[in-house]
Amino acid sequence: MKPKALILRGAATNCDLETAAAFRYCGAIADIAHINEVLKGIKKLSSYDMLALPGGFSYGDDISAGKIFALKIRTLRKDFEKFIKDEKPVIGICNGFQVLVKTGYLPENREGLRRASLFLNDAGHFICKWVKLKINKKSPCVFTRGLPDEIELPMAHGEGKFIAADKKELEKIIAKNLSPVFYSDNPNGSQADIAGICNEKGNLFGLMPHPERNFFSLQKQKKESKGFLSEGYLFFKNAVDYCR
Amino acid sequence: MTIEVFTKDIFAENERKSLIKKISHFYPNVKDAKESKIYIVEGPYKKNDFFKMGKDVFCDFISEDFAISSGRKLKDFMAVEMFFKQGITDVLAQSAAEALIAAGFKKTKKIKTGKVFYIKGLKESEAQNAVKECFANELIHRVGIR
Amino acid sequence: MIMDNFINAREKELLKLSEEFGWSLNLAELKQAQKYFKDLKRNPTRAEIETIAQTWSEHCKHKTFSGPVEFYFGKKKKIFKNLFKETIVYVTRKLNKKWCLSVFKDNAGIIEMSSKSKWALAFKAETHNHPCAIAPYGGAETGVGGVIRDILGTGLGAKPILNTDNFCFGPLQKEEMPKGFLSPKKIFEGVVEGVRDYGNRMGIPTAAGSVHFDESYLFNPLVYVGCVGLIKKNRIFKKVKKGNLIAVIGGPTGRDGIHGATFSSADIDENASSSAVQIGHAVNEKKVLDVIMKASEKNLYDALTDCGAGGFSSAVGELGAETGVSADLSKALLKDSSVKPWEIWISESQERMVLSVPKNKIKELEKICEIEECPICVLGTFDGSGKLRVFYKKEKLIDMDMSFLHGGIPKFFKKAVYNPKTKYGFLPKERKDYGTELKKILKDLNVCSKEEIVRQYDHEVQGGCVVKPFCGREGFTPTDAAVIWPYSFTQEPGNFEGFAVSHGFNFSAGKIDPYISAFYAIDEAVRSLACVGADISRTALLDNFCCGNPNNPFILGDFTAAALGCRDAALAYKTPFISGKDSFYNQSKVNGKDYSITLSLLISAIAPIKDVRKAVSPEFKKAGNPIYLFGKIKKGLGASVYSKIFGLKNNILPVPEPDKHLKDYFALIKAIDKYYAVSAHDVSKGGIAAALTKMSFDGLSCEIDFKKALSQKGISETELLFSEGTGMVLAEIDAKKEKEFLKIAKNARVSKIGSVSSSGKISLKFGGKKLIEEEVNYLRSLWKNVLRDKL
């Protein structure tokens with residue numbers, strides 16, 4: 001049986017097609033659905049094994065990035081929380097990460113409160129460039145298993161500066177290795193160079209850079225022949241393997 | 001009711017620097033500058049509802065704070081407001097309305113959005129001009145001292 | 001409102017009316033309209049006259065370019081009945097390429113990806129100059145939004161997969177401006193932010209473009225925006241069926257942009273009205289895009305088009321031109337209730353598309369719209385009457401014949417005069433060293449890094465940007481063309497077919513010789529495509545002309561010369577035009593004096609690539625590899641950055657040799673295809689010295705001896721280093737494949753000029769004389785930070 005991934009989008013979610021392509025390439029069935037189809041019960045969260053919140057500018061990122069999409073998801077809290085609790089893999093990429101943070105699902109806490117934010121880059125505007133990332137091998141994260149010490153991925157965001165609610169929260173993330181990826185050369189001013197965080201079980205993961213955009217070697221900015229698949233492939237392969 | 005959202009001082013350093021840089025181009029004696037977003041919401045809501053809108057919808061309370069009032073003033077700062085002129089589509093208001101619905105506030109009659117710039121070190125007319133020169137387009141924006 | 005004295009009005013009164021209401025109709029057109037209503041024995045309604053003004057506007061009908069022209073060239077005179085057909089269209093007809101699937105009739109031109117592929121590419125570029133001059137942010141946003149809708153409305157709906165942008169601004173240091181004009185810096189920032197915020201929100205990579213600075217754009221900036229779409233070959237034709245519903249999807253209608261289309265036929269002045277400014281909302285357009293993609297898959301409509309200039313009047317009118325239209329505007333969704341019926345009809349509110357939907361499919365379309373939160377309304381039917389009949393509830397607003405509206409526009413001759421300029425060719429004295437010159441050139445606004453802009457655009461979204469605006473380990477090296485692999489939309493990661501897009505633009509050459517400048521633009525575009533390894537035998541072009549008031553014979557003379565240049569150059573390069581646009585009246589009155597832009601011709605080029613994995617980027621790859629020059633270095637520093645910076649009186653343009661260039665380019669793409677050429681870069685602004693410097697930015701540099709370069713006899717050192725001209729490409733060849741390379745380059749003009757080095761210095765010499773020796777890292781830092789420091 002092929003594991004099934006739901007690629008959940010809202011208005012102005014943009015990276016749904018390439019995220020679906022990534023899951024499909026790794027052997028999963030990937031369905032793309034609008035949040036309204038889930039809210040209306042046309043598509044059911046429970047019939048999927050994996051969930052991805054792709055990149056984009058959901059609802060224009062008006063008010064703040066990912067906020068309106070997060071408010072919509074919060075109206076189906078129970079279903080989403082069950083999905084996470086069942087230890088099914090959930091990944092939020094870029095805008096998807098912003099949504100996971102704005103819903104309060106990341107950083108994980110029992111009360112479902114907001115414990116962090118993703119704030120305007122230090123540069124004050126959107127930046128699109130390739131960044132090097134250090135992989136935290138001690139992290140429980142399902143998606144980053146077996147990745148090399150350092151990888152590179154493109155980032156493309158305006159609001160990606162990670163800020164924890166307080167010092168305690170930040171210390172917890174570091175101490176429990178809940179940050180699977182760190183920037184080698186911090187591009188946006190994130191606290192502790194954090195590029196992404198996960199929950200303690202490792203099934204829920206959000207990050208700002210885009211693994212689906214460094215899935216094939218030919219997507220790299222340095223043109224060199226180094227095999228067909230690239231570092232980003234492993235993120236999706238890990239999730240699909242985990243479900244098998 | 002006016003809900004005003006602004007960055008917490010500890011995170012506002014970059015925002016201030018960039019505002020000052022822009023303004024100092026025209027008025028080198030500018031001392032300090034801040035910026036707020038404004039949402040004016042009309043509807044049959046109670047004060048507590050507006051407070052909840054600020055907290056749950058418009059304000060990112062990790063990095064931002066908000067005030068419910070139309071007359072927030074900061075000592076030594078000129079407050080200059082900027083709104084779309086009548087007849088110009090306020091696109092942010094459309095999104096704000098959608099957000100309120102998702103958060104359960106379904107009786108909104110009208111929303112208007114705008115910005116307030118707080119500027120220190122300039123006279124009233126200078127502050128107003130600075131906003132016109134640096135941030136507004138007078139074809140579509142209305143700029144005035146609060 | 002009835003124009004109650006229209007049919008009996010005198011000429012003066014007609015002109016007064018036109019000015020008062022902002023129709024931009026000339027006397028001949030007014031009289032034609034008057035005659036039509038005289039024959040009907042009634043006065044027109046406001047809505048009818050507004051519809052005529054919109055439909056006949058320069059923006060919608062391009063009446064200058066497709067009108068008759070008397071061209072005086074020196075002592076010769078030539079008559080063109082339809083300049084457009086005899087230049088641009090002529091090329092396409094004459095070349096008659098089978099892979100051109102749809103040209104000049106739809107919103108965009110369409111070419112096939114390959115004969116085997118089921119996919120085709122739609123490409124369109126337009127300008128949004130006047131709005132950007134008065135409201136840079138909003139103007140740029142709605143410009144991008146408009147061209148994306150053009151692609152969405154091509155055939156039965158293409159998926160936008162690449163945005164392009166080309167800007168021309170006044171020099172950034174200029175800050176004090178006359179009343180009513182924004183400073184170049186403010187325009188620059190607004191336009192960049194507008195393109196950024198709209199393009200990024202739409203999820204379309206903005207990955208190809210250019211920025212140019214010149215005094216002549218001080219009051220009239222140019223903002224070109226383009227879009228490429230992907231469409232299935234079997235969905236490129238549309239036909240409205242009689243009886244279908246007129247469905248409108250997207251945002252509500254307000255008073256935005258009333259008289260925006262007619263505005264493009266008028267000079268900018270201080271009294272520009274604010275209702276001509278439209279406000280864009282990218283999210284609404286993304287909703288429209290998503291609805292169209294879903295509805296297209298389910299085949300829910302048989303024709304569609306975008307609401308652009310002229311709003312419903314153009315969109316509904318165009319779709320119903322053959323069947324006729326019966327519409328009730330009271331059904332339209334409005335932003336506020338104060339919008340008058342005639343305003344609904346011509347409003348240019350953004351993010352709306354008109355679809356022709358069979359009655360039995362409207363329910364399903366409405367369902368999709370509900371999920372996607374996209375408003376939809378039905379205005380009426382394409383009723384088969386051959387007439388345009390528009391109501392507001394019971395009130396009849398418009399009752400006109402389609403044939404009059406679309407065929408009635410009067411034509412009249414315009415005079416064009418072109419006199420060649422006197423040539424002069426001063427040269428600077430020889431110097432000991434040219435490092436200072438190179439540094440100045442690298443720091444010039446027209447040469448320096450545009451990273452500050454490019455990095456604000458998401459060029460990686462959709463995952464298919466193979467050759468990016470910047471390539472190399474650290475992304476330091478600017479590239480010549482964008483290469484796109486559309487696997488995410490096709491969901492075919494095993495299919496490596498893609499395409500490349502590039503531009504050619506040379507306003508400096510346009511100032512000297514508009515005819516030759518067309519060769520420069522087309523050559524640059526084709527050459528850039530060759531540098532990434534695209535199949536240039538399938539290059540298709542877009543022409544975008546911008547100039548001043550065409551009623552000035554000298555301005556129209558430059559324009560006509562450039563159009564003829566386009567004809568001859570495109571024939572020589574065997575590259576058909578598939579679409580294009582022209583923008584006149586790029587001029588302003590400042591303190592009573594007319595300022596007009598220089599003739600500006602943007603050529604956008606697109607060509608398929610059989611295997612995107614083979615595409616190359618310009619940065620040097622391996623120390624020891626030989627470096628070859630394709631083409632010949634020629635005398636003449638006309639239109640060069642060097643002449644401009646150093647105030648050199650030299651307007652000699654190196655003569656283009658299209659046939660020879662083309663042979664060189666074919667040898668180059670063959671060398672890339674066989675993996676012999678591992679990097680390639682075109683020689684453009686700043687000449688060979690600047691091109692070699694940029695190729696060295698990624699860590700490996702070069703040692704060059706110009707003595708070995710193929711060059712014109714008696715050429716000066718300055719020209720060797722900094723001459724621009726046409727046809728030159730620098731390529732790095734795999735040392736192990738050099739022999740094989742020389743075999744395939746037998747018929748091309750190639751000369752080995754040096755090799756890749758790991759010294760960290762670029763070293764350029766002529767025999768025993770050192771010309772330039774500089775640290776690359778230092779040069780890069782000079783080049784990289786110019787824009788950032790200016791903003």
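Modeller: The domain assignment for chain C lists domain 1, residues 1-44, and domain 2, residues 618-791. Between the centres of these two domains of chain C, taken over C-alpha atoms, there are 61 Å. Please keep in mind throughout that this is a predicted model.

Of the 791 residues in chain C, 62% count as buried. Taking the contacts in chain C with a separation of 6 or more, 82% are between residues 24 or more positions apart.

One local detail in chain C is worth a glance on your screen. E351(C) has a phi near 60°, which is a positive value in a residue other than glycine. You will find E351(C) in the loop that runs between α13 (341-346) and β12 (352-357) of chain C. E351(C) has 29 other C-beta atoms within 10 Å, and is therefore buried.

Now to the neighbours of chain C. Chain C puts 37 residues in contact with 31 residues of chain A. On the chain C side, the elements that give two or more residues are α9 (184-202), α11 (282-297), β18 (470-471) and α18 (487-490). Of these, α11(C) gives the most, with 4 residues. By class, the side of chain C that touches chain A holds 14 nonpolar, 11 polar and 12 charged residues. Chain B also meets chain C: 10 residues of chain B are in contact with 12 residues of chain C. The side of chain B that touches chain C has 4 nonpolar residues, 5 polar residues and 1 charged residue.

That brings us to chain A, which holds the sheet you asked about. Chain A has 7 helices and 11 strands. For its 244 residues the globule rule gives 18 Å, and the radius of gyration is 16 Å, close to that value, so chain A is as compact as a globular protein of that length. Along the principal axes, the C-alpha atoms of chain A fill a box of roughly 45 × 40 × 35 Å. The buried share of the 244 residues in chain A is 62%. Of the contacts in chain A between residues at least 6 apart in sequence, 73% join residues at least 24 apart.

Here is the sheet itself. It is open, with 9 strands of chain A in the order β2-β1-β3-β4-β11-β10-β9-β6-β7, and its pairing is mixed. The edges are taken by β2 (29-34) and β7 (150-157) of chain A; each has a single partner strand, so one side of each is left without a neighbour in the sheet. From one strand to the next, the twist averages 25°.

β6 (127-135) and β9 (181-183) of chain A pair in the antiparallel sense over 3 bridges. Look for K134(A), which stands opposite F182(A) in β9(A). β6(A) is also joined to β7(A), by 8 bridges, and this pair runs antiparallel. There, K132(A) stands opposite E152(A) in β7(A). Although β7(A) stands at an edge of the sheet, 6 of its 8 residues are buried, so it is largely enclosed by the rest of the structure.

Two loops in chain A deserve a look while you are there. The loop between β3 (50-53) and α3 (67-74) of chain A contains Y59(A). The phi of Y59(A) is near 50°, a positive value in a residue other than glycine. Y59(A) counts as buried because 29 C-beta neighbours lie inside 10 Å. The other loop, between α5 (95-103) and β5 (116-120) of chain A, holds P107(A). L106(A) and P107(A) are joined by a cis peptide bond, with omega about -15°.

Terms used
Residues are numbered from 1 along each chain as its sequence is written. Chains are lettered from A and ligands numbered from 1 in the order in which they are written. This is a predicted model: local features need pLDDT of at least 70, side-chain atom pairs count only at pLDDT 80 or more; totals for chains, interfaces and linings use all residues. A residue is buried if 20 or more other C-beta atoms lie within 10 Å of its own, exposed if 12 or fewer, and partly exposed in between; C-beta atoms are placed from the backbone. Two residues are in contact if their C-beta atoms, placed from the backbone, lie within 7 Å. Ala, Val, Leu, Ile, Met, Phe, Trp, Tyr, Cys and Pro count as nonpolar, Asp, Glu, Lys and Arg as charged, and the others, Gly among them, as polar. Two strands pair if DSSP finds at least two bridges between them. Axes are lines fitted to C-alpha atoms, for helices over the stretch in contact, and angles run from 0 to 180 degrees between N-to-C directions. Domain bounds come from an automatic or database domain assignment. The radius of gyration is taken over C-alpha atoms; the globule rule is 2.2 Å times the number of residues to the power 0.38.
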